[in-house]
Amino acid sequence: MSKPKFKNPVVNWIDYRLPIFTFMNHELNEYPTPKNLNYFWNFGSLAGITLVIMIVTGIVLSMNYTAHIDYAFDSVERIMRDVNHGWLLRYIHMNGASFFFIVVYIHIFRGLYYGSYKAPREILWILGVLILLLMMATAFMGYVLPWGQMSFWGATVITNLFSAIPLVGESIVTWLWGGFSVDNPTLNRFFSLHFVLPFVIVGVVILHLVALHRFGSNNPIGIDVKGKQDTIPFHPYYTIKDLFGLSVFATVFAAAVFFFPNFMGHPDNYIPANPMVTPAHIVPEWYFLPFYAILRAIPDKLGGVLFMFGAIMVLFVLPWLDKSSVRSSQFRPLYKLFFWFLVIDCIALGYLGAMPAEGIYVVLSRLATAYYFFHFLIILPLLPKIESTRPLPVSISTPIITTSSNASTVMAMREKK
Amino acid sequence: MTNKNTPDDKNKRDFLQVSTYALGAVGAASFVWPLINQMNPAADTLALASTEVDLEQLEEGQAITVTWRGKPVFIRHRTKEEIASAKDQLLDGLRDPQTDDERVKNEKYIVLVGVCTHLGCVPLGQKSGDVKGEYGGWFCPCHGSHYDHSGRIRKGPAPTNLEIPQYSFLSDTLIKIG
C-alpha cells in the first residue's frame, strides 16, 4: 500500500525500509485471536516473560560468579552476602527456575486437555516439547553451578545415566566430564552451556510463535475460527488479560522470593561439594521428580534410562497417537476422564520420585510408570474407537450467542456477564 | 546457442556435484572433530593419574579411602572371615560372575573404585558405623545396591561389580594406584 500506515512520519520512514512496525502491528496488535480463550491461555505469555526474567537475572549473576571448583561455592555465598541486591537476584533466578517449570507444565497440560497438539498444530507442539527438553538441560546445568553437595551428586548421577548406553557409554561419560569424575572441566563447560542454552531456547520460542501465528491459538471448544465474528484483536483484549495474569503470577512469585526462597530447594546444597561423600538421600529438583521416579521404577540400568527419556519422546509423537479428530475434552467425555487420571498419575510419580526407592514405593512407582505409558500408547490410540463424542457447536460464536446444551461452564459464565 | 546438455555432460556434472559435497562433508567433519574432542580429558588431567598409598598402618578389619582421578578408592584390610566368605561364594548366584582371586592381588587387601556402578554414588561401608548392606561389603544409599566382601554386586540396580583400578604392589605394604 502506498498510503502511510502509521501517524508518525519517522515510523513510516523506517517501516518502509524495515517493516518492523508492520510486523509488530500484525502479530501483536491486530493479530486475530479466538474470543473465547480462558485463563489457561495466559501461561504461554507467562512462560515467555519468565524466560526473559531468567535471562536478565542470569546475566547479572554471571557477572559475580566464578566457574571454578575452588571458588564457585564461595562466589555464590558472596552474591548472597556482599554483592548489592545479590540475594534478591539469586533468589529470583533460583525460584524463577521452579516457577518456569510450574508455568510450562500448566501450559503443557492445557495443550493436552484442549487437544492443542492436533492438526494443523503438530509442529507447534513438537517445538514446545523441544523447548521443554532444552529447559531441562539448562535447569540441570544451572543447578550444578553453586557446587553444593546436591549440585555435585546430581551432576554425577545424571551424567552417569549415559554410561548405560552399550559399548560407548563410558567414553561418552568421560567426554561429558572432561576427566574421570565430575570435576573442574565439567563445571566450566556446564557454566558455558548454561549461559548459551537459554538463547537457543529463545530461538526455538520464536519458531514456536511463528508456528502458532500460522493458524492462531486453539481455544477451549477446540473448533476452528470460522471468521471475523469469532475473533478479537490481540491488543488490547489479550494484552490486558495477559497483564492481569502476570500481576497475579508476579504476586505469587514475589511471595516465594521474599518469604519462602528455599522452600523448593534442598538444604544439602548449602554444603560445599564433597566428591568423597554422597548425601544419604539424593533427590533431584521437584520438576524432575516424575522422570526420576520412572528411572528408578525400572530394575535395569539401561531400561530405566530408556523409559525416562521415552516419557518425553512419547510427547513428540503424541499428535499421531491421539487419533480423535475432536480437539477439546469438553466434547470427549472419556478422554476427559483419562486426562485427569494422567494428571493424578504424574503427581503420583512426582511424589514417588521424592520417596526412597524401597518397599511399597517401588511397587507404586512401577504401576504409575506403566500407567503413564499405557495412557499414551494404548488408551489414546484406542479411545476414538469406543468414545462417542458430544456434538460440536457450529462455531465459536454459536454457543456464546445461543443458549446451547453444548455450552460449557466457561461459556455459561461468559453469558452471565 | 547450442544446447550442450548431453547425457555425458549430465554425468560429469553429477560426478562433480557429488564429489564436491563429499569433500565438503569431510572438510566440515575434520573441523568439527577438534570442537568435540576438546571436551575429552586434557593432558594435565590425564597426567594426574597415579596415587601411592602406604598400607603399613592399616589394621585388619580397617578400611581407608584415598582419592584417585578425583574418585574415591576403597582399600580394606579384610579379616579372615571376610576373605573366606568372599572365596566361598559360588559364581552361580552372581550377576557379574568373578572369583575373589580375579579381583585381588593380595587377598588381605581389596582395592576398589568406590563408585557405585549404577549411577556413580559413593557406597557406604568404609567407616565402622556404616551400613554395609546384606552381604557385609558395601551398600549404596542412593538406589540400594548391595556389594559383598569382594565388591561384587549382589542385590539392587547396579549392573556390574565395583571396578578394580589398575594398581600394583611396590612392596608388601606400598601400593601404586594408576
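This is a predicted model: local features need pLDDT of at least 70, side-chain atom pairs count only at pLDDT 80 or more; totals for chains, interfaces and linings use all residues.
Local features are given where pLDDT is at least 70 and side-chain atom pairs count only at pLDDT 80 or more, whereas totals for chains, interfaces and linings use all residues. Residues are numbered from 1 along each chain as its sequence is written, chains are lettered from A in the order in which they are written, and side-chain values use heavy atoms, with hydrogens and water left out.

**View 1. Overall form of chain A.** Chain A contains 17 helices and two strands, where helices (H or I, at least four residues) and strands (E, at least two) are DSSP runs numbered from the N terminus. Its radius of gyration, taken over C-alpha atoms, is 24 Å, close to the 22 Å given for 417 residues by the globule rule, so chain A is as compact as a globular protein of that length; the rule itself is 2.2 Å times the number of residues to the power 0.38. Along the principal axes, the C-alpha trace of chain A spans about 70 × 60 × 40 Å.

**View 2. Domain 1 of chain A against domain 2 of chain A.** Chain A is divided into domain 1 (1–30), domain 2 (34–278) and domain 3 (283–390), with bounds that come from an automatic or database domain assignment. The centres of domain 1 and domain 2 of chain A, taken over C-alpha atoms, are separated by 34 Å, and four residues from each of these two domains take part in the contact, which means heavy atoms within 4.5 Å. The area buried between them is about 370 Å², with 46% given by carbon and sulfur atoms; buried area is the accessible area (1.4 Å probe) that two parts lose on being put together, summed over both. On the side of domain 1, A:Glu27, A:Leu28 and A:Asn29 supply 87% of the area buried against domain 2, more than any other three residues.

**View 3. The interface of chain B and chain A.** The contact takes 24 residues from chain B and 22 residues from chain A, and the two chains bury about 2100 Å² between them, 66% of it on carbon and sulfur atoms. In chain B, the residues that lose the most area to chain A are B:Met39, B:Leu119 and B:His143, together 30% of what that side buries. Across this interface there are ten residue pairs in polar contact, both at pLDDT 80 or more; a polar contact is a pair of N or O atoms within 3.5 Å, of which, within protein, one must be able to donate a hydrogen and the other to accept it, and residues adjacent in sequence count only if both atoms are side-chain atoms. Helix 2 (43–47), strand 2 (63–68) and strand 3 (71–77) of chain B each give two or more residues to the side that touches chain A.

View 4. A:Glu77 forms a salt bridge with A:Arg81, their closest N and O atoms being 2.9 Å apart; the term denotes a side-chain nitrogen of Lys or Arg within 4 Å of a carboxyl oxygen of Asp or Glu. These two residues are separated by about one helical turn because they are four residues apart in helix 4 (residues 72–81) of chain A. A:His85, in the loop between helix 4 and helix 5 of chain A, has a positive phi near 60° although A:His85 is a residue other than glycine.

**View 5. Cis peptide bonds in chain A.** The peptide bond from A:Ala119 to A:Pro120 is cis, with omega near 0°, and A:Pro120 is placed in the loop between helix 5 (86–113) and helix 6 (122–144) of chain A. The peptide bond from A:His235 to A:Pro236 is also cis, with omega near 5°, but A:Pro236 lies in helix 10 (residues 234–259) of chain A.
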